[in-house]
Amino acid sequence: MPTCPTCHSKVSEPLRTWPIVEPQKNGEIVDFTVGIYWCTKCNANFPFVVGRRGLKLIETDKLEELHDKIKAVDKVKQELMKKVDRLEQEKAMVEESLVLARLEDRAENLKVEISLLKEVKRELESMIKYLEHAPSLKVATSEQKSINRSV
Ligand SMILES: [Zn+2]
């Protein structure tokens with residue numbers, strides 16, 4: 001926002017604006033927008049450059065050539081973006097199938113583990129049965145003959 005050069009208060013709205021087009025020494029053309037501002041505090045009028053942009057003169061043929069180049073580059077960019085999209089979809093699919101494969105692996109391992117555990121369980125059950133029905137396991141304590149070796 002421009003400030004008044006006299007009292008330094010800010011002035012928001014210009015009284016009017018107009019464009020100025022000015023060729024520069026380097027071949028560039030500068031397009032200014034100048035505004036006239038009126039300070040309500042000290043009643044001063046002052047000009048202020050609102051906008052400024054550099055322009056360049058260019059042959060129409062060259063400009064069209066540039067447009068064509070931009071179009072071609074844009075086409076390549078769109079094709080690349082499509083490719084990226086496709087690759088991302090493929091990646092997602094591969095990741096999904098990897099997860100599935102890992103789960104299948106785990107399921108297979110679990111199956112093996114379960115069958116092993118079942119076998120262990122069966123063995124334990126038969127052992128328990130045997131222990132329950134076996135004749136008393138009391139070891140007949142035979143009278144120990146005391147062997148007193150007296151010399
Ligand atoms: Zn002022």
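Mentor: Start with the metal. Cys4 (SG), Cys7 (SG), Cys39 (SG) and Cys42 (SG) coordinate the zinc ion at 2.2 to 2.3 Å. This is a predicted model: local features need pLDDT of at least 70, side-chain atom pairs need pLDDT 80 or more, and totals for chains, interfaces and linings use all residues. Residues are numbered from 1 along each chain as its sequence is written, and side-chain values use heavy atoms, with hydrogens and water left out.

Trainee: What makes these SG atoms donors of the zinc ion?

Mentor: Donors are N, O and S atoms within 2.8 Å of the metal (3.2 Å for Na, K and Ca); water is not among the atoms, so sites may look incomplete. Here the SG atoms lie at 2.2 to 2.3 Å from the zinc ion, so they count.

Trainee: Why is the site of the zinc ion called tetrahedral?

Mentor: Four donors count as tetrahedral if all angles lie between 85 and 135 degrees. The angles among the 4 donor atoms are 103 to 116°. The ideal angle for four tetrahedral donors is 109.5 degrees.

Trainee: Which spacing do the donors follow along the chain?

Mentor: The spacing is C-x2-C-x31-C-x2-C. Cys7 lies in the segment before strand 1 (14–23), and Cys39 in the loop between strand 2 (28–38) and strand 3 (45–56), so the pair ties together parts that are 32 residues apart in sequence.

Trainee: What counts as a strand or a helix, and how many are there in the protein chain?

Mentor: Both are DSSP runs, numbered from the N terminus: helices (H or I) need at least four residues, strands (E) at least two. The protein chain has 1 helix and 3 strands. From the N terminus, the order is β-β-β-α.

Trainee: How do you know whether Cys39 is buried or exposed?

Mentor: Buried means under 20% relative accessible area, exposed over 50%, and partly exposed in between (1.4 Å probe, protein chains only). Cys39 has 1%, so Cys39 is buried. Cys7 has 32%, so Cys7 is partly exposed. His8, at 60%, is exposed. Buried residues make up 10% of the 151 residues in the protein chain.

Trainee: What makes a nonpolar core, and which residues form the largest one?

Mentor: A nonpolar core is a set of buried Ala, Val, Leu, Ile, Met, Phe, Trp, Tyr and Cys residues joined through side-chain atoms within 4.5 Å. The largest holds 6 residues: Cys4, Val11, Tyr37, Cys39, Ala44 and Phe46.

Trainee: Why is the pair of Tyr37 and Phe46 called stacked?

Mentor: Rings of Phe, Tyr and Trp (its six-membered ring) pair if their centres lie within 6.5 Å; planes under 30 degrees apart count as stacked, over 60 as edge-to-face and the rest as tilted. The centres of Tyr37 and Phe46 are 5.7 Å apart and their planes are at 20°, so the pair is stacked.

Trainee: And what kind of pair do Tyr37 and Phe48 form?

Mentor: Their rings are 6.0 Å centre to centre, with 85° between the planes, so the pair is edge-to-face. Tyr37 lies in strand 2 and Phe48 in strand 3, so the pair ties together parts that are 11 residues apart in sequence. Tyr37 is buried, at 3%, whereas Phe48 is partly exposed, at 34%. Ring pairs link Tyr37, Phe46 and Phe48 into a cluster.

Note on methods: Four donors count as tetrahedral if all angles lie between 85 and 135 degrees; four count as square planar and six as octahedral if opposite donors are over 155 degrees apart and all others between 65 and 115; anything else is irregular.
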